[in-house]
Amino acid sequence: MDVSIYPGCSLDGTAKEYGESLEAITSMLGVNLHELKDWNCCGASSAHSMNNDLAVALAARNLGIADQMGMDLVVPCAACYQRLKVAEKRLVAGEKLEGVDNYDGKIHIKPLVDFLWDDVGEKQILSLLKKRLEGLNPVCYYGCLTARPPKITDAKSPENPMSMDEIMTCLGANVRQWSYKTDCCGGSLILTRPDIARTLIRKLLDMAEEAGADCVVAACPMCQSNLDGRQREISQESGKEYNVPIFYFTELMGLACGNPSVKKWLGRHVTDPRPLLTRKSLV
Amino acid sequence: MTVAELPQLVVPESSFKREVERLSGENVSTCFQCEKCTNGCPLHSWMDILPHRMMRCVQLGVKEEALRSDTIWVCASCETCTARCPNGIDIAHVMDTLRQISQRDHVPASQRSVPIFHNAFLGSIKRHGRVYEGAMAITYSFKNESWAGVFKLAGMGMAMFRKGKVNIIPKRVRSLGQIKDIFRRTELKG
């Protein structure tokens, strides 16, 4: 199966382990990823906060490239996904946008996690299963922008998405249900109002614990780095010890499918997930 | 959070509403104060004008208070309000529009760090076509809090570096001219 991918700026930096693990798992699943040629930043929250036309044009240029490549486009980052969908809706409505000469509009844009569950599918994933994620109790955290707003994202179930839950369940994890799947982690405020972001992160970590989870699984570089990287500060601030592993779903897929690079990916986390996996005899 | 003092008896003055509606393309007039936006807003505790009241401010022309508010700068664009508005108002986009009007009119941002961050972020895109995370964070921190800001960043930065997550050389878009064109044309429009 051939698809194009819009990696986004974090995948080679703060989300390196996401980039590495998604490449490994898609290759194991027989998916050929074609990186968009000479893609640019989607503009993220900063562009739409400051200048609408700039925000749409930055995202739209990438869709022009994807359209020419002619393959469905998968997006591993929630914020990138939403910005690309905003541009898509306007291009499909026939608007002429800066940065795009011609838009055919035959391609579909999908979040990576939905693509792996809906298009690659359970059968293919199970055919690779080497080690069931027995004993692991994750909650799945989707974040804001693959879900909202549904008229842009085309999310089937914006208040209760399930694709990541399904993948983790089929790999043998004991997925816990919680009400915070799409609650905001404060990602866009992490440098400007870190106090606010820490409060929102702490709520998510507390609610995961209350749901009986021992880890969180994420599908977005902003969500993961936000939840993973601030636990020491939150522990100091609150006097409660936070040490909750935050996985990318692709890392756990790699683990369950016996990929040899798992330890390298996990070594890049700020909150070390290896002790939990050792306790569960998963590494 | 302190709640903003808003004028008690306001005779509606529609020019602000017309401007916000024109720039955002949203029909703010349809807001009937059901408060769904506020009830779902994860940032409401840090807002001085709650989201539903902000819609009312736009309807009534309470412009100065709206543009000076914390609300427009602590809104994290999580889009919960937009997703749930029964009248289909893209409230998060109205917040964008209010930020843009306040910047255009040189209203000092109540949360000055936020527009500094956005400008550092956009500067990085303009230079490289992509965000060069490390340099962007340093630029923002310096502009926001001078050397003290950069110093605060150092711990996390070193940790990231040791984990192999900091690129020494930025990844650039090859057709950078196209990106500069997009900036030039959209800045002219804006």
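First, the conventions. This is a predicted model, in which local features need pLDDT of at least 70, side-chain atom pairs count only at pLDDT 80 or more, and totals for chains, interfaces and linings use all residues. Residues are numbered from 1 along each chain as its sequence is written, chains are lettered from A and ligands numbered from 1 in the order in which they are written, and side-chain values use heavy atoms, with hydrogens and water left out.

Now the interface. On the chain A side, 51 residues are in contact with 56 residues of chain B, contact being heavy atoms within 4.5 Å. The two chains bury about 4,900 Å² between them, 58% of it on carbon and sulfur atoms; buried area is the accessible area (1.4 Å probe) that two parts lose on being put together, summed over both.

There are 4 salt bridges between chain A and chain B, where a salt bridge is a side-chain nitrogen of Lys or Arg within 4 Å of a carboxyl oxygen of Asp or Glu. B:Arg84 forms a salt bridge with A:Glu159, and their closest N and O atoms are 2.9 Å apart. Several helices of chain A each supply at least two residues of the side that touches chain B, including H1 (16-28), H3 (52-69) and H9 (194-210). Helices here are DSSP runs (H or I, at least four residues), numbered from the N terminus. The largest share of that side, 7 residues, comes from H2(A).

Next, the cores. A nonpolar core is a set of buried Ala, Val, Leu, Ile, Met, Phe, Trp, Tyr and Cys residues joined through side-chain atoms within 4.5 Å, and buried means under 20% relative accessible area (1.4 Å probe, protein chains only). The largest has 116 residues, and those with the most contacts inside it are A:Tyr6, A:Leu73, B:Leu98 and B:Ile125. H3(A) gives the most to this core, with 11 residues. Leaving aside residues up to four places away in sequence, B:Leu98 touches B:Phe16, B:Val20, B:Met54, B:Val58, B:Leu67 and B:Ile72. A second, separate core of 47 residues includes A:Leu22, A:Ile25, A:Val74 and A:Ala219.

Last, the serine. A:Ser163 sits in helix H8 (residues 163-170) of chain A. Why does A:Ser163 count as buried? Because its relative accessibility is 9%. Beyond residues up to four places away in sequence, A:Ser163 touches A:Val113, A:Asp114, A:Trp117 and A:Tyr142.

Note on methods: Buried means under 20% relative accessible area, exposed over 50%, partly exposed in between (1.4 Å probe, protein chains only).
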